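Dear colleague,

My notes on it follow directly after.

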Amino acid sequence: MVEAVNIDILSLLLVLTVAWIFGGVAERFGYPTMMGELFAGIAFGPPLLGLLHPSELLTVLAELGVFLLMVFVGMEVDLRELFRLGPQSLLIAFGAFVIPFGLGYGAGIALDVSVGAALFLGLAMAATSLATKSRILADLELLDTRIANVLLGGALASDVGVLVAFAGVDSYVTAGAFDATEIGLILAKALAFFVITLLLGYRFLPVAWHHIERQRERYGFVDRTTAFTFALLVSMLFAYLATLAELHMIIGGFMAGMFLRQADVEPDLYEHMHTVIYDLAMGLFAPVFFVTVGFDITFGVFFDSLGVLIALVAIAFLGKIVGSWLFSLPTSLTSREGLVVGFGMNGRGTVEIIIATVALEAGVIDTQMFSILVFIAIFTTALVPVTVTWGVRLLERADELVYVDAVSSD
C-alpha cells in the first residue's frame, strides 16, 4: 500500500516537472503552454520513452483538470458582452462553426465511421479557443485593432455555440442509437439542465453573493477563502446537475464559470476566486490532463492513416478559414480582414482536445482518430501566430489595418 502511494506521488512529481519545463519552453517560443505539456506526455509517456505511465491518481487529477479548466474558460466568457456583440462577430462565429462542422461530419460519413463519431469529428473541426486567441493577439500587440475585436467576439460566441452543440451530441451518443423517444427524453433532460442552471445563475447566485458580502461587512468572518469555497461548491453543483441530465460534467463547469462572472461579486473577492481557480487549473490539474492526453497518442496514424490525416488536417485548416472569410463578406470588414480573422479563428487548442478526450473515453472514436484530432489541434494552433502575422503584414501593406479608436462602433 505504502509502496503504491510512493509510486503515485513520484509519478505525479515527474508529470508536473516535465509539464512545467516543457510548458515554459513552449511559452518561451510564443506558443500556449498546453502544447509543451502535450509534447512532454508524448516524449516521456508510452508513445516514445515510456518513462511515465497512466495511473488511477493521474486519471482522477486529469478529470479535475479538465473540469477546472472549463470553469475557468466559462469565467472568461462575459454573457453581457456576448449579448452586445455586433452582427459581424456573430455572423463570423456562425460561419466558423457551420462550415467546418459540416465538412467534418461529411468527412466522418465518407470514412464510414459511426454517426456519433462523425458528429464528434464535426464538433472537433468547429472548435476554437478563446484563451489561445487572447494570448496570441496580446503577444502580437493587436488587441486594439478591429480584426482583434471581431476575432475575440467571434471566438467567444463560437466557444459557447460549440459547447451547447456538444451537449446535444453528447445526448445523442448517450442514447446509443436513433431512438426518437429515447433521444427526445435525453434532450428534454438537457433542456431542463439549461433552464435550471439559468434560473440558479440569474436568480440564486447574485442573492447568495450579496448575502456573503453582508456577512463579511457585519461579522468579518467571511474571507476570500470562504468566497472561493462557495464558488467551488457552485461549480460542483452545476457539474452534478449536468451528470443528472446525462451530460458531461464539463458542461456544468462551463455554465458555472459563466454565471460566477455575472454574479456581481465584490471585485476583490472575485479577483481572488478567479486567480485561485486559474492557479489550480493551470498550475496543477490542467498540466496533468494535457500530459496524460499525450499518453494516448499513437504514431501509427503517420503510417497506417497518413492519407486520412492529411485530408482531415486540410479540411480543418481550410474549413475554418473559408467559413470565417465567407461569412465576413456581408459585413463592413474588407475581404483581407475577413481572411485574417479566419486565420485567427483557426486555432482550436484546448477545446478540441477536450472534445476528442470525451469521445475517446466514451468509446465513440478509437486511438487513431483521437491522435488525428489532437494533431489537428496542435497543428492549427501552432500556425495561428505565423498566419496571423503574415495576414497583418498584408493588411498593413494594403493600409487596411484599422484600429478601434479610429472607427466608430458598428
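This is a predicted model: local features need pLDDT of at least 70, side-chain atom pairs count only at pLDDT 80 or more; totals for chains, interfaces and linings use all residues.

The chain holds 17 helices and 0 strands. Of its 410 residues, 53% are buried. The chain exposes about 18,000 Å², and 67% of that area is supplied by carbon and sulfur atoms.

Helix H17 (residues 367-397) takes part in both contacts described here. One partner is helix H14 (residues 306-328), whose axis comes within 10 Å of that of H17 and crosses it at roughly 45°. This angle makes H14 oblique to H17. The crossing is right-handed. On the H14 side the contact involves Val308, Leu309, Leu312, Val313, Ala316 and Phe317, while H17 contributes residues including Met369, Ile372 and Phe375. By class, 12 residues of this contact are nonpolar, 1 is polar and none is charged.

The other partner is helix H15 (residues 335-345), which packs against H17 at an angle of about 165°, with the axes 8 Å apart. Because angles over 145 degrees count as roughly antiparallel, H15 is described as roughly antiparallel to H17. H15 passes H17 in a left-handed crossing. Arg336, Glu337, Val340, Phe343 and Gly344 of H15 meet H17 residues, among them Val384, Trp390 and Leu395.

Yours sincerely

Notes
Residues are numbered from 1 along each chain as its sequence is written. Side-chain values use heavy atoms; hydrogens and water are left out. Axes are lines fitted to C-alpha atoms, for helices over the stretch in contact, and angles run from 0 to 180 degrees between N-to-C directions. Helices (H or I, at least four residues) and strands (E, at least two) are DSSP runs, numbered from the N terminus. Angles under 35 degrees count as roughly parallel, over 145 as roughly antiparallel, 65 to 115 as roughly perpendicular and the rest as oblique. A crossing is left-handed if the near helix is turned anticlockwise from the far one by less than a right angle, and right-handed if clockwise. Contact means heavy atoms within 4.5 Å. Ala, Val, Leu, Ile, Met, Phe, Trp, Tyr, Cys and Pro count as nonpolar, Asp, Glu, Lys and Arg as charged, and the others, Gly among them, as polar. Buried means under 20% relative accessible area, exposed over 50%, partly exposed in between (1.4 Å probe, protein chains only). Accessible areas come from the Shrake-Rupley method with a 1.4 Å probe; for residues, only the protein chains shown count as cover.
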